[in-house]
Amino acid sequence: MYRHEVYDQLKMEMPFGVTLREDNRWVILSKKFPWEEIDREYQEHFKSSEGQVAIPSRLAFGALYIQAEEGYTDEQTRRNIQENPYLQYFCGFECYTMESPFDASMMTHFRKRISPEMIQRINDLVFAPEAVASTDNPEEDDSVNQEDSEDPLSAQPTEKSENRGTLILDATCCPADIHYPTDVGLLNHARELVEKMIDLLYPAARDLYPEKPRTYRQQARKRYLAYIKKRTHTVRETRMVLRGNLQYIQRDIGYIEKMVAHGVSLSLLGNDLYRKLLVIQELCRQQWDMYVRKSHQIEDRIVSIDQPHVRPIVRGKAGCPTEFGAKVIAGLVSGYAFLMKADWNNYSESRSLKQAVEEYKETSGFYPKTILADRAYPGRENRLWCTSLGIRLSGPRLGRKSAEEKQAESKQIYQDGCDRVVIEGTFGVVKRRYSLDRVMTRLPDTSMTSIAMGFFAANMETASPFCT
């Protein structure tokens with residue numbers, strides 16, 4: 001059940017005659033958020049008119065923003081909202097209270113209800129008009145009313161046929177919080193989990209096994225420690241350890257299957273271990289396939305048992321050629337970053353160019369005049385498509401060129417590179433300042449929400465630097 005909130009908050013009652021400062025950053029930020037639009041999006045998750053009243057949208061969205069802005073954990077976010085009157089004012093409280101606003105576990109539910117698509121729509125609503133107003137088209141300067149330009153939500157773009165603005169595109173990876181994966185380490189962890197499952201299921205299967213099935217866990221542990229203590233390993237040593245772990249796991253899974261066939265319920269494992277059992281079975285299938293083919297590549301490769309949705313993203317960066325997390329494409333327009341695409345699977349960046357341009361057209365009302373991107377984007381198909389729309393795509397153009405044209409093109413490519421590098425700084429900000437260099441959430445949908453909120457917080461800092 002959800003009750004619509006009316007957001008006309010003007011002041012907050014404080015004890016001891018204390019008043020809040022109007023120039024505080026949280027007071028200023030509270031006036032910049034479209035709380036009514038957030039509430040309309042949020043209440044769509046609640047269809048029933050019965051049951052306990054849900055936490056208001058302003059408190060839910062505000063708590064996620066505070067967490068992204070300050071880099072808090074879930075518990076720290078709850079505690080700071082409880083202790084700080086300015087944070088309570090930002091979250092819509094009408095009077096200061098020393099009671100806990102919610103349990104820390106509610107932050108997970110907030111991330112589930114506030115989807116990344118919802119944050120992107122709010123991001124477009126708040127920052128797209130400001131980004132459009134900053135595009136370099138002098139003919140549009142007189143078309144916007146001075147009174148409307150003061151309110152970023154009222155400065156809607158006008159429909160024009162000509163192209164305007166510059167779109168800077170680039171991709172990055174937001175690494176997940178997992179151990180650095182190795183095949184030997186993954187299989188050893190899987191073996192230990194399967195042995196734990198046997199310990200839980202055995203008391204219900206004493207009729208089938210008068211004695212507990214032998215898992216050879218001490219021998220397997222000894223072989224694993226002997227392997228990891230060595231600095232270097234030959235291929236033969238690695239394959240022997242891999243094969244041994246795979247055989248241990250397959251035998252243990254066979255014990256579990258016999259127990260289940262005898263009538264033992266897998267509900268004894270609990271939801272978490274049951275999910276991990278399914279992941280381990282797929283992990284063993286992939287590892288056996290790679291072992292037989294003597295390969296290190298397979299589709300939808302599992303690199304974490306706890307977070308099986310995480311995939312290896314090969315970026316080719318110096319010092320870190322492979323990252324493990326979500327691959328993100330962002331578009332930078334007049335200093336504001338807009339999330340164009342985010343996926344756990346690795347994908348071709350060049351195939352996302354048309355989608356990014358169409359999203360730019362949808363939010364601004366016109367196509368960009370220039371697209372600045374790295375070498376992955378200006379393929380033949382993309383360049384011909386951009387040319388048909390009157391868009392200049394950075395990089396060398398197709399066809400033969402004279403010496404003068406080559407010299408001019410070289411200068412243009414250098415200048416485009418200088419202009420494009422600003423998006424690398426934006427990625428550095430969202431990763432270091434807003435904790436996207438290690439996404440601590442564990443579910444695939446909540447992790448995407450954290451990523452989208454990080455870009456939203458970075459845009460808010462760009463729009464209101466005096467508030468941060």
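What is the volume of the largest pocket? In this predicted model, the largest pocket has a volume of about 1100 Å³. Its lining is made up of 47 residues, and those nearest the centre are Pro 181, Thr 182, Asp 183, Leu 186 and Arg 301. Several elements of the fold take part: helices H9 (183-201), H10 (217-228), H11 (235-261) and H12 (270-293), together with strands S2 (311-317) and S3 (320-333), each supply at least two lining residues. Helix H9 gives the most, with six residues. Sorted by class, the lining of the largest pocket holds 22 nonpolar, 16 polar and nine charged residues.

The second largest pocket comes next, with about 500 Å³ of space. Of the 22 residues lining the second largest pocket, Gln 67, Arg 111, Met 440, Thr 441 and Ser 450 are the closest to its centre. Here helices H3 (57-70), H6 (106-113) and H17 (444-463) each provide at least two lining residues, and H17 gives the most, with four. The lining of this second pocket has nine nonpolar, nine polar and four charged residues.

Arg 21 sits in the segment before helix H1 (25-30). Arg 21 counts as exposed because its relative accessible area is 52%, and the cut-off for that class is over 50%. The side chain of Arg 21 makes a polar contact with the side chain of Asp 23, at 2.7 Å. Beyond its neighbours within four places in sequence, Arg 21 is in contact with Val 27 and Tyr 86. Tyr 86 is 65 residues away from Arg 21 along the chain, while their C-alpha atoms are separated by 9.0 Å.

How values were computed: Residues are numbered from 1 along each chain as its sequence is written. This is a predicted model: local features need pLDDT of at least 70, side-chain atom pairs count only at pLDDT 80 or more; totals for chains, interfaces and linings use all residues. Side-chain values use heavy atoms; hydrogens and water are left out. Buried means under 20% relative accessible area, exposed over 50%, partly exposed in between (1.4 Å probe, protein chains only). Contact means heavy atoms within 4.5 Å. A polar contact is a pair of N or O atoms within 3.5 Å; within protein, one must be able to donate a hydrogen and the other to accept it, and residues adjacent in sequence count only if both atoms are side-chain atoms. On a 1 Å grid over the protein atoms alone, a cavity is a set of points where a 1.4 Å probe fits but cannot get out, and a pocket is an open set with protein on both sides within 12 Å along at least five of seven lines; lining residues have an atom within 4 Å of a point. Grid points are joined across faces, edges and corners, and a volume is the space filled by probe spheres set on the points. Ala, Val, Leu, Ile, Met, Phe, Trp, Tyr, Cys and Pro count as nonpolar, Asp, Glu, Lys and Arg as charged, and the others, Gly among them, as polar.
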